[in-house]
Amino acid sequence: MAKGAMEMVAEAKREVENLTAEQVEAEVANGATLVDLRDTAELQQKGTIPGSVHVPRGMLEFHADPTTPYHKPEMDPSKRVILHCQSGGRSALAAKTLKELGYTNVAHLEGGMNAWTAAGKPNKT
């Protein structure tokens, strides 16, 4: 039987590292790469986390794979990469995908930008 989207998200969250806003803030201060997966319109409407790199979810695999012409150097499989979206679903799925691409030090922001904002963390608008 086919899985639903929310079942896939729940499965991904069991398989990846889920971080709080406080943990993400500390890791970014220590050099982790923070990747924002949201669409451009979401960035414009909701703001961004300072220092994050924009990699739209639809291009993640291509920007993350060093063998493609679309690879972004910020997406380094040998470094700590933390993903986030608006509420944590897309980033959990994306973290699982990066693991499948060979990233070994990947996590996501549980609750996404919503959790970041609720924790009173800085937002660049």
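Student: What order do the five strands take in the sheet?
Tutor: The order is E1-E5-E4-E2-E3, in an open sheet with parallel pairing. Strands here are DSSP runs of E with at least two residues, helices are runs of H or I with at least four residues, and both are numbered from the N terminus. Two strands pair if DSSP finds at least two bridges between them.

Student: Which strands stand at the edges?
Tutor: Strand E1 (17–19) and E3 do; each has a single partner strand, so one side of each lacks a neighbour in the sheet. E1 pairs with strand E5 (residues 106–109) in the parallel sense, over three bridges. Leu-19 stands opposite Leu-109 in E5.

Student: What does helix H5 touch on the sheet?
Tutor: H5 (residues 89–100) packs on the sheet and touches strand E4 (81–84) and E5. Its direction makes about 175° with that of E5. Contact means heavy atoms within 4.5 Å, and axes are lines fitted to C-alpha atoms, for helices over the stretch in contact, with angles from 0 to 180 degrees between N-to-C directions.

Student: Before we go on, where do these coordinates come from?
Tutor: This is a predicted model, where local features need pLDDT of at least 70, side-chain atom pairs count only at pLDDT 80 or more, and totals for chains, interfaces and linings use all residues. Residues are numbered from 1 along each chain as its sequence is written, and side-chain values use heavy atoms, with hydrogens and water left out.

Student: Back to H5. Which of its residues are buried?
Tutor: Gly-89, Ser-91, Ala-92, Ala-94, Ala-95, Lys-96, Thr-97 and Leu-98. Buried means under 20% relative accessible area, exposed over 50%, and partly exposed in between (1.4 Å probe, protein chains only). The buried residues of H5 pack against helix H1 (5–15), helix H4 (60–64), E4 and E5.

Student: And Glu-100, buried or exposed?
Tutor: Glu-100 lies in H5 and counts as exposed because its relative accessible area is 61%.

Student: What follows H5?
Tutor: Gly-102 does, with a positive phi near 100°.

Student: Switching to loops: where is Thr-48?
Tutor: Thr-48 sits in the loop between helix H3 (40–46) and strand E3 (53–54). Thr-48 is buried, at 17% relative accessible area. Leaving aside neighbours within four places in sequence, its contacts include Asp-36, Arg-38, Met-113 and Lys-124.

Student: What about Lys-72, which loop is that in?
Tutor: The one between H4 and E4. Lys-72 is partly exposed, with a relative accessible area of 24%. Not counting residues up to four places away in sequence, Lys-72 touches Val-53, His-54, Val-55 and His-63.

Student: Last topic, the whole fold. How many helices and strands does the protein have?
Tutor: Six helices and five strands, and from the N terminus the elements run α-β-α-β-α-β-α-β-α-β-α.

Student: How does the radius of gyration fit a compact globule?
Tutor: It agrees: the protein has 14 Å, and a compact globule with 125 residues would have a value near 14 Å. That radius is taken over C-alpha atoms, and the globule rule is 2.2 Å times the number of residues to the power 0.38. Of the 125 residues, 42% count as buried.
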